[in-house]
Amino acid sequence: MDRLVESTLKYGLMPPVVMEFPGITAGGGFAGTGGESSSFKYGYFNETVNSVEMVLGNGDIITASDKENSDLFHGASGAVGSLGITTLLEMQLIQAKKYVKVTYYPTRSIPEAIAKIRAEIQNPELDYVDGILFSKGHGAVITGCLTDDAPDAAQVQRFSGADDPWYYLHVKEKTLRSLQSIAEYIPLSEYLFRYDRGGFWVGASAFEYFKFPFNHFTRWFLDDFLHTRMLYRALHASEQSRNYIVQDLALPFSTAEKFIDYTIDSFGIWPLWLCPLRQSRLPTLHPHFPETEVDGQTLKPMLNVGLWGFGPTQHDKFIAKNHELERKLREFRGMKWLYAHTYYEEDEFWELFDRRWYDGLRRKYKAESLPSIWQKVKVDPNAQKEAIDASWGSWALQFWPLGGLWGIRKAIESGEYLIARNSTWKRREGFGKSR
């Protein structure tokens with residue numbers, strides 16, 4: 001996404017929905033589920049795509065859009081490549097501005113935060129809405145408006161430099177003791193990728209794992225390792241991801257509070273990310289629930305809860321906890337994003353989606369030779385355990401700190417820290433210049 005934004009900003013334009021991790025691709029955003037702080041307004045990332053070129057399972061190359069192969073165009077979004085491989089996208093762009101004027105609204109309870117988000121997404125003047133829950137008694141609802149004008153006396157805040165604060169820590173400090181809203185101006189690209197350093201707050205887990213001091217100096221000193229590309233390279237190479245909860249869970253606003261209460265009691269993971277989402281039309285492979293507004297046509301928005309943190313260290317307990325999470329999510333009429341670990345059995349999975357519609361697309365567009373969406377996203381716990389037992393390398397990575405050290409080595413070998421160093425969107429001159 002960072003390369004795309006750098007290219008469009010040269011023309012004063014930007015995508016309406018920008019995935020907040022720079023390394024996520026446009027093709028991945030279309031084939032998966034891309035919901036960000038502008039998704040209350042524009043919907044998922046795929047809603048901002050005009051057309052796609054796809055290679056089908058039989059090798060045919062076709063174009064799909066709202067006017068041509070429209071059923072495939074709609075169905076392929078969220079299908080994780082199980083209906084064909086996306087090779088080209090035509091995207092919508094909107095006028096870019098120099099800044100995002102951000103307003104932080106402190107909240108002192110979970111119901112207050114949810115109600116505030118529900119109210120703010122009704123405001124047509126806003127371009128961005130999300131929220132962070134730091135604890136039961138401390139949260140922040142964050143709104144943003146694109147603007148070219150920052151008053152001379154306005155504070156302009158950046159987050160991409162090694163000496164800059166991590167965004168979530170900055171918001172936490174700003175709202176901890178304040179009862180009033182706080183406004184500041186963030187250069188556009190800095191806002192779009194504000195969660196890159198620290199990977200929201202997943203980067204703090206690395207300090208916890210290594211039992212290493214977590215402070216401004218250590219974050220500055222280790223900055224190359226703490227951008228999302230490096231963090232996720234290290235997480236997966238270390239195989240610590242097998243004990244780490246990484247789930248985005250979308251629910252009706254009406255059940256979100258009770259579900260959050262459950263996650264607090266069962267997982268104890270903080271912070272939590274809140275992101276309102278405009279639903280896609282049905283049927284869909286994105287999270288959904290078929291409840292409409294009073295007009296009987298508009299689907300009600302959903303609230304995404306980002307749950308990211310350490311889970312049980314024992315394999316069997318980790319699997320059981322994920323099964324429990326999936327059951328509770330269904331109980332509260334929610335659905336998970338399918339990029340995450342998915343443990344549903346096949347019959348359970350298809351109780352969530354329209355299988356007749358999906359299988360019809362598979363037959364029509366010659367995709368039956370490709371793995372199905374369930375086959376692509378399903379985690380097989382038994383195969384996972386057998387792989388660990390069969391490989392002395394995987395077995396050894398279970399022991400502290402071998403897994404973490406191996407993850408660091410592989411991240412360094414990848415050279416991906418150079419991408420963050422050389423990103424032009426971070427340059428402090430030109431478009432979005434600070435005062």
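The legends below describe close-up views of a predicted model.

In this model, local features need pLDDT of at least 70 and side-chain atom pairs count only at pLDDT 80 or more, whereas totals for chains, interfaces and linings use all residues. Residues are numbered from 1 along each chain as its sequence is written, and side-chain values use heavy atoms, with hydrogens and water left out.

**View 1. The enclosed strand β11.** Strand β11 covers residues 272–277; strands (E, at least two residues) and helices (H or I, at least four) are DSSP runs numbered from the N terminus. Because 6 of its 6 residues are buried, β11 is largely enclosed by the rest of the structure. Buried means under 20% relative accessible area, exposed over 50%, and partly exposed in between (1.4 Å probe, protein chains only). In a regular strand, side chains alternate between the two faces of the sheet. Here Leu272, Leu274 and Pro276 point one way, and Trp273, Cys275 and Leu277 the other.

**View 2. The strands paired with β11.** Two strands pair if DSSP finds at least two bridges between them. Strand β7 (residues 128–135) pairs with β11 in the antiparallel sense over 3 bridges, and Gly131 stands opposite Leu274. Strand β12 (residues 302–310) also runs antiparallel to β11, joined by 5 bridges; there, Val305 is the bridge partner of Leu274.

**View 3. Helix α1.** Within helix α1 (residues 2–9), Asp2, Val5, Glu6, Thr8 and Leu9 are buried. Their cover includes β1 (13–14), α7 (188–192), α10 (228–237) and α19 (417–421).

**View 4. Phe217 in helix α9.** Phe217 lies in helix α9 (residues 216–221). With a relative accessible area of 53%, Phe217 is exposed.

Note on methods. Contact means heavy atoms within 4.5 Å.
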